[in-house]
Amino acid sequence: MSSNTISLPSPGNYAGALHNYMQERKQINLLSWVEIPVIGNPTQWTVHCKINGEIKGTGVALQKAAAKQAAAKQACEGCLSFLLSDTEYATSESSESVQHAMIKYLCCPAITAIYTVIRITRHLVAKIFAESHCWFPTTIMQPSKEKPADLNPSPLALAPFPPPKKHNSLKRTIGVFLGFIAFSFYVWSCLHSSVMEKSIFDMNDFTPSQCAQADVRTPVKNGDLWDSLSSTIGTNAFRSKAVEWIAGAVRVPTESYDDMGPVGEDPRWNAFGPFHDYLLEAFPLVHSSLSLQKINTYGLIFTWRGSDSSIKPLVLMGHQDVVPVNPETVDEWTHPPYSGYFDGTNVWGRGSSDDKSGLIGALASVEMLIKSGFKPTRTLVLSFGFDEEISGPRGAGNLAKILYDTYGKDGVAYIVDEGVGYAEIGGTIFATPGIAEKGYVDVRVEVTSPGGHSSVPPKHTSIGILSSLLVEYEKNPYKTRKVPLYSTLQCAAKYAKDLDKDFRKTIKRAAKSNRYLRKLEAFIAKDRLYASLVGTTQAIDVIEGGVKANALPERAFAVVNHRISVISSVAEVQAHNADLLAELAQKFNLTYKAFGQQISAEGAPNDGSLTLSDAYGTSLEPAPVTPTSLDAIPWNILSGTIKAAYNSHRSLTEKNEIIVGPGMMSGNTGELSLTF
């Protein structure tokens with residue numbers, strides 16, 4: 001018995017497709033085929049598919065010349081089955097993606113065979129529905145009788161067919177036409193199922209191990225204290241105290257404005273003095289037991305020293321300021337914005353959610369722990385800025401420098417800041433801590449043009465030109481991009497018990513199917529909140545121009561707010577803005593400068609100018625994405641603690657009473673430059 005190792009030619013059938021697919025990924029060292037004649041029957045041959053020298057697939061050919069292709073297919077399928085079942089290969093790509101790639105290698109060369117296929121339409125129409133999804137029908141791949149076939153014949157090297165029989169010409173024409181349509185659809189389906197298209201989601205961000213739930217984490221060393229405090233928090237007396245803490249904080253207005261000047265010069269900052277007085281009165285033990293640093297007058301850093309200085313500290317963050325209330329809208333509020341009104345369920349007022357509740361929650365927890373005699377092992381830092389709503393240049397920016405100087409790069413174990421709360425999804429309660437945070441930039445779009453009297457107006461005033469530019473913005477929203485939102489949806493598909501069955505199926509299958517991916521994208525596009533999480537957003541929020549009804553406006557400007565996708569950057573958004581308005585700048589004959597770069601030719605005659613700039617100098621790059629696997633210790637501890645707190649307050653015991661999954665805020669916390 002002899003054997004012969006045959007090298008594989010270019011793709012064109014099963015063997016070539018499998019070979020190219022594996023060689024492209026460099027996952028195997030050798031893919032070879034061996035023909036072995038059967039002893040006692042020289043007309044029967046066995047075809048082996050070997051991977052790294054080991055036989056993984058076998059096919060039997062009764063007649064070498066006539067059926068080797070069928071045997072090659074059978075052996076190829078054996079190799080493919082091994083690759084899809086063996087963990088060394090299956091972990092890197094799903095079975096469906098492997099098959100899609102195989103289909104690509106098989107279908108693309110087939111386009112060159114259209115001429116040949118039209119000649120054999122009568123055979124193809126019958127076979128195309130009988131064979132599997134996208135394998136070439138083996139009966140039309142038989143080698144010529146005149147010449148021994150190569151193991152992998154090209155589609156163009158098909159054998160001649162028997163002499164044609166007499167057919168009705170009309171029927172034959174219809175058959176050829178229908179066959180060509182069928183084949184065209186066949187090739188189209190191959191090409192459209194071969195490779196996942198670029199999507200709004202990053203499928204590599206999610207694996208089955210993600211959304212695995214951490215165990216409920218309750219203290220071991222301080223178990224008795226945990227039980228005692230849990231009982232206290234559940235009483236009506238504590239509930240009343242907690243309401244008063246938050247309501248009292250809401251009653252002290254602490255508004256921050258985009259145009260505020262330096263601390264000490266702008267009197268509007270003085271509003272934070274009374275708020276500090278309130279905190280001192282409400283939390284006396286915190287102020288007497290923790291060290292307090294005031295940064296740039298109103299930034300607060302409380303430090304509770306732990307007994308083990310070798311352990312990296314935990315930083316809890318929040319902000320004191322709130323978004324201003326337009327005085328003209330006060331009458332439209334259900335309850336006055338700074339009343340702190342409690343209706344028996346909710347506290348009403350500016351800051352009751354964003355973010356005085358978080359700030360008060362941290363201080364109240366420490367106050368109770370001190371009162372109970374607790375001594376921390378790990379150092380705890382409370383960091384409270386005062387200008388988060390305007391991106392934090394004077395508050396968080398300075399706090400970050402102090403913390404960095406104190407603890408150094410990578411010197412903090414955890415940073416926990418404000419975020420979203422609990423939500424019910426499909427009959428299941430979810431907590432979705434933010435694992436990523438968008439970037440931020442405000443783009444000032446300013447147009448200048450010659451002034452004059454409105455009785456002799458130009459074709460376009462600066463306000464008119466600015467209006468055209470703003471319309472261009474809204475005509476061209478940002479395209480969707482890949483984000484961690486897919487992981488959040490996968491958690492919902494896995495754990496939301498009452499989630500719509502079709503929606504659950506769509507989420508799960510979107511990882512592998514273009515069809516379902518497009519369905520999921522369509523759903524996301526219809527939901528404003530989900531759509532805002534997916535990519536960079538833009539909103540025209542400020543506009544100003546003109547000073548008098550009969551005077552031509554010499555200057556008009558608008559501010560376009562951008563929340564930047566976690567996979568984009570400030571520079572990319574600036575470039576997008578510059579490109580977007582270039583054509584209109586030329587149309588209106590404006591000299592054009594964008595973010596310090598001269599776009600148009602300098603010195604050329606013009607009718608005005610267009611300038612793009614960072615409106616307030618507060619641009620912020622997107623934050624890094626936090627790992628969420630169970631072996632990521634910060635995520636494991638946080639999610640386990642969330643489960644424990646949720647269960648304790650409701651007297652629950654099961655692990656999955658609440659599901660903790662990755663999330664992301666539609667905005668950002670504004671804690672500028674806070675990196676370690």
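Which exposed residues does the face of H10 turned away from its buried side carry? They are Asp277 and Glu281. Before I go further, a note on what you are looking at: this is a predicted model, in which local features need pLDDT of at least 70, side-chain atom pairs count only at pLDDT 80 or more, and totals for chains, interfaces and linings use all residues. Residues are numbered from 1 along each chain as its sequence is written, and side-chain values use heavy atoms, with hydrogens and water left out.

Some terms. Buried means under 20% relative accessible area, exposed means over 50%, and partly exposed is in between, with a 1.4 Å probe and protein chains only. Helices (H or I, at least four residues) and strands (E, at least two) are DSSP runs, numbered from the N terminus.

Now the whole chain. It has 20 helices and 20 strands. Of its 676 residues, 44% count as buried. The chain exposes about 35,000 Å², and carbon and sulfur atoms supply 54% of that; the areas come from the Shrake-Rupley method with a 1.4 Å probe, and for residues only the protein chains shown count as cover. A contact means heavy atoms within 4.5 Å. Among contacts in the chain with a separation of 6 or more, 72% are between residues 24 or more positions apart.

On confidence: pLDDT is the predictor's confidence in each residue, from 0 to 100. The mean for the chain is 78, and 67% of the residues reach 70 or more. Over residues 24-40 the pLDDT is below 50, and this stretch has 69 contacts in the model beyond near neighbours in sequence. Residues 121-165 are also below 50, with 76 contacts counted in that way.

Back to H10, which covers residues 272-282. Its buried residues are Phe272, Phe275, His276, Tyr278, Leu279 and Ala282. Why are they on the same side of H10? Because they cover an arc of only 155° around the axis, the arc being that of the directions from the helix axis to the C-beta atoms. Their cover includes helix H9 (236-250), helix H11 (284-289), strand E5 (291-295), strand E6 (299-304) and helix H12 (356-371).

Two strands pair if DSSP finds at least two bridges between them. E5 and E6 pair in the antiparallel sense over five bridges, and isoleucine 295 has glycine 299 in E6 as its bridge partner. Their hairpin has three residues between the strands, and asparagine 296 takes a positive phi near 50° there. Threonine 297, in the loop between E5 and E6, has a positive phi of about 75° although it is not a glycine. Threonine 297 counts as partly exposed, at 41% relative accessibility.

The sheet is open and has five strands in the order E5-E6-E8-E7-E9, with mixed pairing. E5 and strand E9 (414-416) are at the edges, each with a single partner strand, so one side of each is left without a neighbour in the sheet. The twist averages 15° from one strand to the next. E6 also pairs with strand E8 (residues 380-385), in the antiparallel sense and over five bridges; leucine 300 stands opposite phenylalanine 384 in E8. H12 packs on this sheet, touching E6, strand E7 (314-319) and E8, and its direction makes about 150° with that of E8. For such angles, axes are lines fitted to C-alpha atoms, for helices over the stretch in contact, and the angles run from 0 to 180 degrees between N-to-C directions. In the loop between E7 and H12 we find aspartate 355, joined to aspartate 354 by a cis peptide bond with omega of about 0°.

There is also an open sheet of six strands, in the order E14-E15-E13-E18-E16-E17, again with mixed pairing. Strand E14 (537-545) and strand E17 (597-598) are the edge strands, and each pairs on one side only. E14 and strand E15 (residues 555-564) pair in the antiparallel sense over eight bridges, with glycine 545 opposite alanine 556 in E15. Helix H19 (residues 570-587) lies across E13, E15, strand E16 (591-594) and E18, and runs at about 170° to E16.

At 67% relative accessibility, serine 651 counts as exposed.
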